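Let's walk through a protein model together, one feature after another. Keep the picture beside you and look for each residue as we name it.

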Amino acid sequence: MCTLVDFPVDDVAKHLADPATVIWLDLYQPSPEDMTMLEADVGLHELAIGECLDKGQRPSLNRYPEHLSLDAYGAALDPESSALMLFEIAVFCNDRVLITVRKDCGLDLEPVVAGWDASPEQTRHGVAYLLYGLLDHIVNGQFQAVRQLDEAVDDLEEQLFDARRSNAQPVQQRLFQLRRDLIALRRVVKPMEEVVESLLNQDVLAVGGTMAPYYQKLHDHAMRAADWTDALHDLAATTVQTNLITQANRLNTIMKKVTSWAAIIAVPTAITGFYGQNLPYPGYGSASGMFVSTGLIAVLSVLLYTVFKRNDWL
């Protein structure tokens with residue numbers, strides 16, 4: 001098998017004339033003219049080319065007479081904002097050609113190439129192994145993103161029950177951002193399980209024999225990532241509900257305290273208002289009236305404070 005690097009797209013048809021040649025062609029935001037050229041040289045289907053040029057495709061595997069067409073997404077968390085980033089990639093492959101079409105610059109394929117170079121004995125399996133290395137890199141990235149989001153959810157759960165936190169807004173913003181990220185990640189992780197499973201049942205690209213255990217392991221990895229994403233999605237929804245309940249409980253506690261202090265403050269207000277009326281009352285016109293009113297304020301205030309404290313209102 002001959003593997004070619006650094007050659008112009010115009011030479012694809014010439015190199016494919018050699019039956020021992022296996023080609024990997026990596027394209028970054030190709031033009032319609034580039035894809036039309038490959039349609040003639042490699043036999044790409046026009047429907048597959050049309051989908052490739054459109055962004056926002058659902059991860060899927062489509063079978064055409066001469067090749068397979070695959071859409072997938074790499075995933076990572078932004079180191080600064082911790083927000084989820086998705087990188088779309090389209091793949092065309094048959095027994096001799098692997099074409100990757102990157103629709104943005106986020107997905108780094110250097111680790112994929114390093115993995116291929118580290119296992120030269122496996123490259124004899126041709127495109128089946130090259131595609132495995134690419135998908136394994138994508139699934140590993142998704143799995144790492146799920147793990148990081150899981151850790152972020154755990155940190156938020158601790159903050160939700162931190163009674164000392166004074167400002168709940170940053171926690172709420174992070175919580176809803178995590179939930180959005182999990183929904184977006186779930187949309188790209190769940191279909192990967194079906195994509196890898198479908199590859200095991202295709203005859204356009206032979207992945208049986210020696211390569212079957214690799215793809216089976218890849219399928220298990222994708223399934224674990226999908227199950228973990230489902231669990232995190234449910235956990236995030238539960239955390240949102242817990243946050244709302246916690247906020248309601250804190251509000252109730254605050255209202256109880258405010259009401260209790262208002263009741264205590266109402267005692268001296270009522271007594272001094274009574275003694276301030278323009279009518280005779282016990283102690284009217286003498287110092288004893290002041291002592292009686294002051295004593296009533298102190299006794300009733302202490303009594304109310306004790307009752308509220310015993311009932312956990314203060």
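Our tour begins on the surface, where Val292, Leu296, Leu300, Leu303 and Val307 make a nonpolar patch of about 380 Å². A patch like this is built from residues with over 30% relative accessible area and no salt bridge; nonpolar side chains (Val, Leu, Ile, Met, Phe, Trp, Tyr) are joined within 5 Å, while like charges are joined within 9 Å. The accessible areas come from the Shrake-Rupley method with a 1.4 Å probe, and for residues only the protein chains shown count as cover. Leu296 counts as partly exposed because its relative accessibility is 38%; buried means under 20% relative accessible area, exposed means over 50%, and partly exposed is in between (1.4 Å probe, protein chains only).

Ala298 also has its place in helix 8, and with a relative accessible area of 41% it is partly exposed. The C-alpha atoms of Ala298 and Val267 are separated by 9.1 Å, although the two residues are 31 apart along the chain.

A word on what you are looking at. The model is predicted, so local features need pLDDT of at least 70 and side-chain atom pairs count only at pLDDT 80 or more, whereas totals for chains, interfaces and linings use all residues. Residues are numbered from 1 along each chain as its sequence is written, and side-chain values use heavy atoms, with hydrogens and water left out.

Now step back to the whole chain. The protein chain holds 8 helices and 6 strands; helices (H or I, at least four residues) and strands (E, at least two) are DSSP runs, numbered from the N terminus. Read from the N terminus on, the elements follow the order β-α-β-α-α-β-β-β-β-α-α-α-α-α. The protein chain has 314 residues, and 40% of them count as buried.

What lies inside? In soluble globular proteins, nonpolar side chains tend to be buried together. A nonpolar core is a set of buried Ala, Val, Leu, Ile, Met, Phe, Trp, Tyr and Cys residues joined through side-chain atoms within 4.5 Å. The largest core here has 32 residues, and Leu70, Leu98, Leu131, Leu135 and Leu199 touch the most other members. Two or more residues each come from strand 4 (68-77), strand 5, helix 4, helix 5 (127-160), helix 6 and helix 7. Helix 5 gives the largest share of this core, 10 residues. There is also a second, separate core of 24 residues, with Leu77, Ala145, Val146 and Leu178 among them.

Next come the charged pairs. Side chains of opposite charge can pair when their charged atoms come close. A salt bridge is a side-chain nitrogen of Lys or Arg within 4 Å of a carboxyl oxygen of Asp or Glu, and by this rule the count is 4. In one of them, the side chains of Asp26 and Arg102 meet at 2.6 Å, N to O. This pair links distant parts of the chain, for Asp26 is in strand 2 (residues 21-28) and Arg102 in strand 6 (residues 97-102), 76 residues apart. Asp26 is partly exposed at 27% relative accessibility, whereas Arg102 is buried at 18%.

Glu88 and Lys103 form another salt bridge, at 3.0 Å from N to O.

Asp230 pairs with Lys190, their closest N and O atoms being 3.1 Å apart. Here Asp230 in helix 7 (residues 212-275) is linked to Lys190 in helix 6 (residues 169-199), 40 residues away in the chain. Salt bridges that share partners join Arg186, Lys190 and Asp230 into one network.

Arg186 also marks a bend of about 30 degrees in helix 6; the bend at a residue is the angle between axes fitted to the seven residues ending there and the seven starting there.

Let's finish with the backbone. Most residues other than glycine have a negative phi, and most peptide bonds are trans. Gln29, in the loop between strand 2 and helix 2 (32-42), has a positive phi near 45 degrees. Ser82, in the loop between strand 4 and strand 5, has a positive phi of about 65 degrees.
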